[in-house]
Structures are given as structure tokens and as C-alpha cells.
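Hi,

Here is the structure I promised to pass on.

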Amino acid sequence: MSATQRVPFKPVLARRTMPLVLLALSGCDSRTSMLAGAGRDAILVERLFWIMLAAAVVIWAAVNGMAFYSSRATARPDRESTARLFVLWCGMVIPSVVLISLLVGGMFLLRDMRSARPDLALAVDGEQFWWRVTYDTPQGPVVTANEIRLPQGRTAGLTLASTGVIHSFWAPALGGKMDLIPGRTNRLTLTPVEPGRWGGNCAEFCGTAHAQMRFEVEVLPAADFDAWLAAEARPARIVSDEGLAVFTSAGCGACHTIRGTQAAGTAGPDLTHFASRHMMAAGVLPQDRAALRAWVRDPDTLKPGALMPAYPDLPDDRMEPLLDFLAGLE
Ligand code: CUA
């Protein structure tokens with residue numbers, strides 16, 4: 001084959017991989033996407049991403065254009081002085097300008113992201129494998145789990161810590177990612193600008209149930225948030241004394257707190273307003289009776305690695321009042 005013969009372009013690879021790419025993209029979810037920014041920091045990061053992508057496309061096109069040009073048999077060899085200038089500009093000057101611009105732009109972005117002054121304080125602790133969320137309120141701490149509610153337009157200052165292993169807190173639609181490191185306290189601010197329910201994940205491998213250590217951030221109008229926090233600060237509503245008796249006698253209070261009862265354990269999630277949460281078991285199960293029954297019977301099957309003990313032998317005449325009691329904790 002002579003150098004001037006053209007090889008016909010056969011997009012076989014593109015045809016074969018495109019369905020796979022589309023299939024993968026169908027799993028994308030705007031609730032957990034940094035490309036659907038719903039928080040101040042996420043919007044800043046998203047903007048930087050698009051600038052970097054645009055620059056990368058321009059550089060890619062330029063490099064490929066030059067490669068294409070130089071591969072043509074008709075391209076004349078350059079003089080040595082031209083080649084030197086080319087190396088100087090394309091090998092040193094332009095890459096240096098691009099990299100330094102990105103570095104400086106990134107540092108300004110970081111400064112902007114750290115400049116927000118929080119007007120709401122909450123602590124997020126990484127547990128195995130769930131999230132303990134504690135709001136600091138004038139009436140005292142309000143503890144919940146796996147679901148963070150935030151007021152729209154206000155800045156929340158999160159204090160991130162862990163007692164066991166390293167976890168990482170990431171709600172991509174709202175802001176940056178931050179590790180939770182034992183023996184250390186990290187801080188992150190979130191300023192949500194759009195109401196809605198946004199997803200988050202543990203983004204650092206932390207053990208068996210790492211992939212099932214999810215959370216949700218629900219952004220509410222400020223007035224709704226204040227009403228929710230006031231309700232959350234109240235003690236539990238007991239709808240079944242019989243269920244509470246089962247809860248107590250089965251020893252659940254050794255691990256769980258229910259404010260307004262004797263249960264004051266701290267190893268597991270605070271259940272005072274358990275039924276007001278949208279999901280159970282750190283985003284793994286829906287909040288419904290069948291899921292709750294299955295969870296109490298055998299948590300490890302539903303979420304391997306969960307530390308909650310199983311109650312496979314709890315008879316129905318004790319299980320049903322227990323479920324009534326838990327489902328009433330709104
Ligand atoms: Cu916690 Cu991964």
C-alpha cells in the first residue's frame with residue numbers, strides 16, 4: 001500500500017461500544033451528580049470542570065490536527081529553527097500557561113469555597129456503616145441518622161469525625177468531598193441553593209458495607225427547616241406501650257436512644273424520630289413495615305457487615321407491637 005492510499009474509516013468500535021456507554025449513562029442520577037449543581041460549592045466546581053473540559057477539547061483537537069498534518073505525505077519538512085520555535089511554544093510556553101492558569105484558578109476557587117461563614121452547625125460522624133448527624137441547637141443537641149436536612153440559602157458548617165475507620169462524606173450535587181479521619185476533625189461547609197432531596201455516599205472504602213453507606217440531604221425552605229428541627233428536638237411520640245416494652249426487654253435500648261424513654265444507647269442510630277426518615281439502614285431500605293420486619297429479623301442478609309444483631313426468633317405477637325411502636329416514632 002502506498003503512502004497516499006487512504007484507509008477507509010470503519011466506526012466498528014464506536015458502534016459496538018456506544019450501546020454500552022448509553023447503558024452506563026442511563027445509571028446516572030442527577031440526585032448524586034456533580035453536573036447537576038444544587039449547592040454553591042458544587043456550582044463552582046462544576047464551572048471549573050466545564051472550563052477544564054473545554055480547554056482539554058481544544059488541546060486535544062490541536063494535537064490531533066498537528067499529528068494528522070504531519071502524517072500527510074505532502075507535508076514538507078520544517079527548517080530546524082522553525083522546529084525549535086515549535087518545541088519552545090508548544091512544549092514549554094503553552095503548557096506552562098495552561099497549567100499555571102489552572103493552578104491559580106483552582107486556588108481562587110478553593111479560597112471562595114472556604115470563605116463561606118456558617119450560620120448553622122452540625123456534626124457528622126462516620127459509623128460502621130451509617131452516619132450520625134447531630135444538630136447544635138439552643139435547646140441542646142438534636143441527634144438523627146443518615147438524613148441531613150438543610151435550609152435553602154443558608155450555610156451549614158459540618159464538623160466531620162470518625163471513631164473507627166476512615167470514611168468520606170460526599171454529596172456531589174451540593175459540594176466537595178471531605179474525609180472523616182479517626183483522631184482528627186475536618187470541616188466542610190454546604191450552601192444549598194435549590195430545594196430537593198440530594199444523594200450522598202461514603203466515598204472511601206471502609207469495610208464490608210461501604211457501598212451501602214449512603215445518606216440523603218434534603219434541602220428545605222428555611223421556614224420548613226426551622227419547623228422540622230423544632231419537631232426533631234421534641235421527645236418521641238409513643239403509640240404502643242406494648243411495643244416499647246418489647247423494645248426494652250429485647251435490649252434494643254442498649255444500642256439505640258429514644259428520647260423520652262429509658263433507651264439511651266449510642267452504639268446505633270438515635271431512633272427518636274425514626275419514622276420521619278425516608279429510608280432505613282443508611283439509604284439501603286425503604287421506610288416501610290415489610291422492610292423494617294425483615295431488617296429486625298436479619299440485618300446482615302440485607303446489609304452484610306451491619307453491626308445490628310439479628311432477632312430471627314422474635315415471635316409475631318411481640319414483633320407486630322414492636323413494629324407499631326417503631327412506625328409511630330414520627
Ligand atoms: Cu464509610 Cu466507606
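The largest nonpolar core has 33 residues, and the members that touch the most others are Leu-122, Tyr-135, Ile-148, Leu-158 and Phe-169. By nonpolar core I mean a set of buried Ala, Val, Leu, Ile, Met, Phe, Trp, Tyr and Cys residues joined through side-chain atoms within 4.5 Å; buried is under 20% relative accessible area, exposed is over 50%, and partly exposed is in between (1.4 Å probe, protein chains only). At least two residues of this core come from each of strands E1 (120–127), E2 (130–137), E4 (147–151), E5 (156–162), E8 (186–190), E9 (196–202) and E10 (214–220), and from helix H4 (222–233). E10 gives the most, with four residues. Helices (H or I, at least four residues) and strands (E, at least two) are DSSP runs, numbered from the N terminus.

Before going further: this is a predicted model, so local features need pLDDT of at least 70 and side-chain atom pairs count only at pLDDT 80 or more, while totals for chains, interfaces and linings use all residues. Residues are numbered from 1 along each chain as its sequence is written, and side-chain values use heavy atoms, with hydrogens and water left out.

Not counting residues up to four places away in sequence, Leu-158 touches Leu-122, Val-124, Phe-169, Asn-186, Arg-187, Leu-188 and Leu-190 (contact means heavy atoms within 4.5 Å). Apart from this core lies another, of 25 residues, with Phe-247, Ala-306, Phe-325 and Leu-326 among them.

Leaving aside neighbours within four places in sequence, its contacts include Leu-120, Leu-122, Ala-156, Val-219 and Phe-225. Leu-150 and Val-219 are 69 residues apart in sequence, but their C-alpha atoms are 4.9 Å apart in space.

In H5 (residues 241–249), Gly-243, Leu-244, Val-246 and Phe-247 are buried. Seen down the axis of H5, these buried residues fall within an arc of 160° (taken from the directions from the helix axis to the C-beta atoms), so they line one face of the helix. Asp-241, Glu-242 and Ser-249 are exposed on the face turned away from the buried side of H5. Helix H8 (316–327) is part of what covers the buried residues of H5. Just after H5, Gly-251 has a positive phi of about 85°.

In H6 (residues 289–297), the buried residues are Ala-291, Leu-292, Trp-295 and Val-296. Seen down the axis of H6, they fall within an arc of 130°, so here too they line one face of the helix. Their cover includes strands E11 (279–280) and E12 (285–286) along with helices H7 (299–302) and H8.

On to charges. The whole structure has 15 salt bridges, counting a side-chain nitrogen of Lys or Arg within 4 Å of a carboxyl oxygen of Asp or Glu.

- Glu-80 and Arg-84 pair at 2.9 Å, N to O; both are exposed, and being four residues apart in helix H3 (residues 80–114), they are separated by about one helical turn.
- Arg-40 and Asp-41 pair at 3.2 Å, N to O; Arg-40 is partly exposed at 28% relative accessibility, whereas Asp-41 is buried at 3%.
- Glu-147 and Arg-149 have their closest N and O atoms 3.6 Å apart, and both residues are buried.

There is also a network in which salt bridges with shared partners join Arg-289, Arg-293, Glu-320 and Asp-324.

The peptide bond from Gln-128 to Phe-129 is cis, with omega near 0°, and Phe-129 sits in the loop between E1 and E2. Asn-146 is not a glycine, yet has a positive phi of about 65°; Asn-146 lies in the loop between strand E3 (140–145) and E4 and counts as buried at 11% relative accessibility. Ala-281, also not a glycine, has a positive phi of about 55°. Ala-281 belongs to the loop between E11 and E12 and, at 16% relative accessibility, counts as buried.

Cheers
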